[in-house]
Amino acid sequence: MKKYFIFLFSVIVIALSGFVRTPQQKSSDEIIAERVDSVLSLMTLEEKIGQLNQLSYGIGWGPTVKVSVPDEYKDLIREGKIGSFLNAIGAEFTYELQKIAVQESRLKIPLIFGLDVIHGFKTIFPIPLGEAATWQPEIVEMSAHYQAIEAASAGIHWTFSPMVDIARDPRWGRIMEGSGEDPYLGSVMAAAHVRGYQGDLSDLNIIACVKHYAGYGGAEGGRDYNTVDISERTFRDIYLTPYKAGMEAGAHTLMASFNEIGGVPSSGSKYLLNDILRDEWGFKGFVVSDWNSIGELINHGYASDLKHAGEISLNAGLDMDMESRSYITHLKDLVDEGKVDEDVIDESVRRILRVKFLLGLFDDPFRYCNKEREEKNIMTKETKIASLEVAKRSFVLLKNEKNILPLKKDYKKIAVIGPLANSKEDPIGGWGGMGDSADVVTVLKGFKNYVDKKTEILYSEGCKVDDKSTTGFKDAIKIAKKSDVIILCLGENRDLSGEACSRSTLDLPGMQEELAKELLKTGKPIVVVLMNGRPLSINWLNENVNAILETWFAGTMTGDAIAKVLFGDYNPSGKLPVTFPRTVGQVPLYYNHKNTGRPGDLNNHYTSKYLDLPLTPLYPFGYGLSYTSFAYDDFKLSSNKITNEDSIIVSVKVKNTGNYDGEEVVQMYVQDLVGSVTRPVKELKGFKKIMLKRGEEKSIYFTIKEKDLKFTAADMKFKSEPGLFKVYVGTNSVDVIESQFELVE
Ligand code: BGC
């Protein structure tokens, strides 16, 4: 009997130890949850609401940081009425604000400082669309890592990045801020950004914020902030995928978008913020609104006033209010009136405090506020080299007639012409952070840095990007005539893409094409360097100039990167993350479209096409040339059948058949031939960027598993369906070789 009791006692002890564990046995999540609850238990309702309030310090953007704290903010911090600032920048300045929070407020809860570090803080990297064109997640991760170091050293804890909105309409100016049109590439890049920013959450990492949830890139007509109305299936299979990938990579925050979708603004959508994000995906972080997106529920016609807006958003699961002041002004009354439950507020506060704990701010609120560290870590040589590397890899060679590129090093005179040739502002791109144009290496400077004394560099602006004057043509033609080759820098100004910068045309603005036409008459070879934040319809250039290099907005090191690529020190390896249409009239135009009942056929009238255009884009998704050439051969599948349990290995031999060492992005696409719902003509399912020496051949392998074939089927379940599939491998989404396999049950 005694033995039995001892046994029973041991069983109870062992069983209980699962619940009552010593601190060492608890997971860090559990420890943080306990610490969060211990803080929460001390908080008044007003203090809780304060944590949900985020205000902008309001310095705007640019290289000058103010370091004095306005009285209004001092009082709000002291009273515990603010949980976070955006746009408060600098180790010293954030120190001042943090000091008030942790020394003068009742509960001493640290503030969290957020900023849009989108493609650089002070050292500017290529715009995200350009980063995506590298097709190199490890390079994008490195870029985010270096951006994080600079921002963290300047007191920033949290970036409102990555923007992972799929964009199928290049009229939308914010296409520059994302990874283009494809959910697979977009997901890979979303995860890379998150890993790069957050790392292991050291004091040189920053928290990522996946945005703008959800479907913001689907704005009607490409007009920013406009209505989005997408079928649930397309929404899930195309648009939602990269947000989920960002979550799965560990992003601790997410931003709710401005737009409505299917009649419900995201910032008030319980379906998006709770049902999908938290219940389906298990997101544990917090959600911040976009700038005043809670207040804008009124304009949407979804809330009667700011108080009603706050009630809707908080109850929908939106934790932090950026700038509308709805929560701070109305939540207390809403609780008193029984319209908002304090438990819901508690949950939001928990999520925010959790991130503050994760950042180590409760242990050391000044962890990020070190002036010496800021001075040491901003614009280091290493960061500039990183920016240069990303820039070189982001360029896409669109045309290279008669191998005019790489440029000969023995040219005597080179004419660098065009409105973007000596621009220090534009290469900074749409989200320049604290980037200073004085630090930018222009194309002209890059050429001067590159060539030796035997080559003379001549310069003429030719015209402005966006006005009608042609008075500069004469000088441009004059120097062109004296030169061996013309480097013509055309495109958009930095403020023609980005937020609120939608355009109704994709043509080159102003008189730039006319300038090119005049220069063509000189008979000199023309190499166009494009700078832009979106695909442009450059048909005339494509037909007439000798070479075109797409460089997006490449950041601080633009000119050095361009010179190195044009002279062949680096062989271009970027591929388009987005389709380039021939004209704006073709938009939306994307590679993963449906076949339709009447696929386009120019010889058949009653088919899906334009009477006045070819069926194809100007350049397809995945397109990009190299100074060398690659041949694909020996395409094989390990089996022509796949089940739920196994996988197929796809192999192909790729050979460098040209005269230079070079990198190729080998792309794999799949097509589900018959489904319970119609399926895209192609879907990217894998890619590998490989280096091949001249003459070298490599075998490349991809794995296809049943899970890669899933989609939202007729019953709205995410699953695969048995049947035939085509698999394509190639150098872009059009030039492919194909094979077939069957998914069997
Ligand atoms: C943009 C966001 C940005 C926020 C804060 C908004 O206007 O839509 O992308 O993070 O401002 O600057």
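**Salt bridges and their setting**

Analyst: K454 counts as exposed, at 65% relative accessibility, where exposed stands for over 50% relative accessible area, buried for under 20% and partly exposed for what lies in between (1.4 Å probe, protein chains only). This is a predicted model, in which local features need pLDDT of at least 70 and side-chain atom pairs count only at pLDDT 80 or more, while totals for chains, interfaces and linings use all residues. Residues are numbered from 1 along each chain as its sequence is written, and side-chain values use heavy atoms, with hydrogens and water left out.

K454 has a charged partner in D452, and their side chains form a salt bridge with N and O 3.4 Å apart, the term standing for a side-chain nitrogen of Lys or Arg within 4 Å of a carboxyl oxygen of Asp or Glu. D452 is partly exposed, with a relative accessible area of 41%. Some salt bridges share partners, and in this way D116, R174, E177, K211 and E499 are joined into one network. Over the whole structure, a search finds 52 salt bridges. As background, side chains of opposite charge can pair when their charged atoms come close.

E375 and K371 form a salt bridge whose closest N and O atoms are 3.9 Å apart. Because E375 and K371 are four residues apart in helix α16 (residues 371-377), about one helical turn separates them. E375 is exposed, with a relative accessible area of 55%, whereas K371 is partly exposed at 35%. In helix α17 (residues 381-394), R393 and E389 are likewise four residues apart, about one turn of the helix, and their side chains meet in a salt bridge of 2.5 Å from N to O. R393 is buried, with a relative accessible area of 15%, while E389 is partly exposed at 23%.

Another arginine, R351, is found in helix α15 (residues 342-358) and counts as buried at 15% relative accessibility. Leaving aside neighbours within four places in sequence, R351 is in contact (heavy atoms within 4.5 Å) with R278, K284, G285, F286, G317 and D319.

From the charged residues we can turn to the nonpolar ones. A nonpolar core is a set of buried Ala, Val, Leu, Ile, Met, Phe, Trp, Tyr and Cys residues joined through side-chain atoms within 4.5 Å. The largest nonpolar core has 86 residues, and those with the most contacts inside it are F447, L541 and L566. Apart from this core lies another, of 85 residues, among them A208, V210, I312 and Y368. In soluble globular proteins, nonpolar side chains tend to be buried together. Among the contacts of L566, with neighbours within four places in sequence left aside, are F447, V527, V529 and L549.

L549 leads on to strand β16 (residues 547-550), from which A547 and L549 point one way and I548 and E550 the other way, all of them buried. In a regular strand the side chains alternate between the two faces of the sheet. Strand β11 (residues 396-400) runs antiparallel to β16 and is joined to it by four bridges, where two strands count as paired if DSSP finds at least two bridges between them. In this pairing, L397 stands opposite L549. Strand β15 (residues 526-531) is also joined to β16 by four bridges, but here the strands run parallel, and V528 stands opposite I548. Together with helix α21 (residues 539-544), β15 and β16 make a right-handed β-α-β unit; right-handed means that, with the strands pointing away from the viewer, the path from the first strand over the helix to the second runs clockwise.

Elsewhere, five strands form an open sheet with parallel pairing, in the order β4-β3-β2-β1-β10. Its edge strands, β4 (158-159) and β10 (321-322), each pair on one side only. Strand β3 (residues 112-115) is joined to β4 by two bridges, and the bridge partner of L115 in β4 is T159.
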